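Please look over the sequence and the model shown here before reading on.

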Amino acid sequence: MLPRHVPARVSASSMPLRSPLLSQPPRVTVASTVSKTSGRRWAMARGSDPYSSYREWEKARLADQRAKEQATRRQEQERKAREREQAQADATARDEQATARNAAVEQRIEKLETLLRSSLTWDPRISLTTLRRRPDIAPPDLGSLAVPEPVPDWTDFAPEPPRGLARMLGGRQRHEMELRAAEDAFAKAQDGYREREASRQARLARARRAYGQAVADAERDAATHNAHLDRIAAGLRDGDRHAVSDYMEIVLAHSPYPDGFPTERHAGYVPESSLLAVEWYLPPVEIVPEHKSFRHIKTRKAVEPTIRPLTEIRQIYQRVIAQIALRTLREVFDAAPAGLISTIVFNGRVHAVDPVTGRRIQPHLITLRATREQFQPLVLSEPSSNPSSASADTSSPTSPPTPTNWSRSSPSCPTAWPTRAPSTPSTSSPTSTNAPT
């Protein structure tokens with residue numbers, strides 16, 4: 001039964017005010033109404049607001065909610081700031097990557113365009129004395145083989161003899177037993193030592209024989225190499241065809257070129273006409289970078305290349321071949337002893353695969369013939385000079401090759417390179433052939 005002062009129903013005006021931020025109004029029961037009514041009467045009797053405790057709770061709840069919302073907004077702002085920083089760092093990295101790639105391409109093109117001028121300060125003459133070899137072999141590292149193992153010492157095995165009272169209380173018998181065991185252990189140690197020492201000495205002897213053989217091989221190789229240099233030096237004085245050919249191959253082999261250039265170069269000397277025929281294996285057209293530049297496309301967040309036009313690749317490659325030919329002529333004329341070489345025939349070939357037959361071929365891309373009198377007036381250090389025009393003015397070489405239509409001339413160099421028996425170059429008219437790009 002309800003008390004008299006508590007109405008059976010609670011009117012809407014007696015309910016606590018509901019905050020608009022609350023999703024659901026508070027559920028009021030009769031018991032809670034009685035408690036709140038009693039609380040309000042007690043609060044009014046004490047002269048306080050009956051809703052102060054609720055407002056404080058609501059205020060604290062709203063403050064906590066605002067704090068959480070602020071923390072969420074702060075975390076979102078920090079996340080977006082980190083994303084912006086990361087995006088900026090990625091964009092900067094792509095800019096740097098594009099810059100580095102452009103620098104590498106420009107450096108490569110610069111090396112290709114200055115093959116001739118950059119070599120003019122290079123002295124092609126080779127002193128054969130600097131090429132002599134010495135059998136420089138380090139002393140043998142025998143390690144533990146050179147140190148014999150210590151001989152077993154009886155004092156390390158002999159038992160301590162009994163003394164005093166221990167000797168009287170059966171110590172003598174125990175000592176005799178220990179002594180026999182020690183003698184057996186000492187004998188086994190001596191046997192093991194002799195076996196290990198014999199094995200060490202055998203391995204030491206093999207190591208010394210191997211070292212002696214290595215020294216003998218190195219001395220023999222050095223003597224053979226030095227004797228070959230002596231024959232070249234003597235042949236240069238006499239104008240020997242083999243000596244001059246070998247020396248000029250040494251000169252051509254020491255000519256520095258950028259990475260990716262073949263190192264196969266041959267030379268054949270004809271003393272009857274003081275002519276040197278050079279067969280040089282040229283780099284393929286891929287030596288020219290196919291990408292002209294790199295750009296950072298911000299909308300795609302990527303570094304994308306710009307393809308170099310095919311006509312530009314052809315022009316650069318033509319200049320590379322012409323520079324190699326002129327550079328070779330300059331180095332040969334400067335390195336050759338006076339009076340030995342008056343004419344040079346340069347044949348540039350390339351390793352390729354025939355797209356029709358699928359077989360490996362070595363077509364000639366350029367043939368250049370020049371005398372010393374024709375070559376000396378050329379000003380190779382002029383930056384504005386065109387290597388292709390200079391080579392054409394020298395001796396009318398074959399047409400410069402292109403990636404799609406190679407120009408080939410009949411070989412005008414000796415064909416029997418290994419035998420060192422070159423013949424007089426032929427003057428057959430050039431023929432045209434196709435080779436892969």
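A polar atom in the side chain of glutamine 374 lies 3.0 Å from the backbone nitrogen of threonine 371, a polar contact being a pair of N or O atoms within 3.5 Å, in which, within protein, one must be able to donate a hydrogen and the other to accept it, and residues adjacent in sequence count only if both atoms are side-chain atoms. This is a predicted model, in which local features need pLDDT of at least 70 and side-chain atom pairs count only at pLDDT 80 or more, while totals for chains, interfaces and linings use all residues. Residues are numbered from 1 along each chain as its sequence is written, and side-chain values use heavy atoms, with hydrogens and water left out.

- Glutamine 374 is found in helix 6, residues 372–375, where helices (H or I, at least four residues) and strands (E, at least two) are DSSP runs numbered from the N terminus.
- At 39% relative accessibility, glutamine 374 counts as partly exposed; buried means under 20% relative accessible area, exposed means over 50%, and partly exposed lies in between, with a 1.4 Å probe and protein chains only.
- Glutamine 374 and threonine 343 are separated by 31 residues in sequence, and their C-alpha atoms are 9.4 Å apart in space.
- Threonine 343 belongs to strand 5, residues 343–349, and is buried, with a relative accessible area of 10%.
- Apart from neighbours within four places in sequence, threonine 343 is in contact (heavy atoms within 4.5 Å) with Ser274, Leu275, Leu276, Phe333, Arg369, Ala370 and Thr371.

- The side chain of aspartate 354 reaches the backbone nitrogen of valine 356 at 2.9 Å; aspartate 354 sits in the loop between strand 6 (352–353) and strand 7 (360–361), and is buried at a relative accessible area of 18%.
- In the loop between helix 2 and helix 3 (165–238) there is threonine 130, which counts as exposed at 61% relative accessibility, and a polar atom of its side chain lies 2.5 Å from the backbone oxygen of serine 127.

**Packing of helix 2 and helix 5**

- Helix 2 (residues 52–113) and helix 5 (residues 310–335) pack at an angle of about 45°, with their axes 9 Å apart; axes are lines fitted to C-alpha atoms, for helices over the stretch in contact, and angles run from 0 to 180 degrees between N-to-C directions.
- The two helices, helix 2 and helix 5, are therefore oblique to each other, since angles under 35 degrees count as roughly parallel, over 145 as roughly antiparallel, 65 to 115 as roughly perpendicular and the rest as oblique.
- On the helix 2 side Ile109, Leu112 and Glu113 take part, and they meet Ile316, Arg319, Val320 and Gln323 in helix 5.
- By class, this contact of helix 2 with helix 5 has four nonpolar, one polar and two charged residues, where Ala, Val, Leu, Ile, Met, Phe, Trp, Tyr, Cys and Pro count as nonpolar, Asp, Glu, Lys and Arg as charged, and the others, Gly among them, as polar.

**Two arginines in these helices**

- Arginine 327 is found in helix 5, counts as buried at 3% relative accessibility, and touches Leu115, Leu116, Ser119, Ser255, Pro256 and Tyr257 when residues up to four places away in sequence are not counted.
- Arginine 101 is found in helix 2 and counts as partly exposed at 34% relative accessibility; leaving aside its neighbours within four places in sequence, arginine 101 is in contact with Phe294 and Val303.
- Arginine 101 and valine 303 are 202 residues apart in sequence, yet 9.7 Å apart in space from C-alpha to C-alpha.

- Serine 274 has a phi near 45°, a positive value in a residue other than glycine; serine 274 lies in the loop between strand 1 (265–270) and strand 2 (275–281), and is buried, with a relative accessible area of 17%.
- Lysine 301, also not a glycine, has a positive phi of about 55°; lysine 301 is in the loop between strand 3 (291–297) and strand 4 (302–307), and is exposed, with a relative accessible area of 58%.

**The chain as a whole**

- The secondary structure of the protein chain comes to seven helices and 10 strands, and buried residues make up 34% of its 437 residues.
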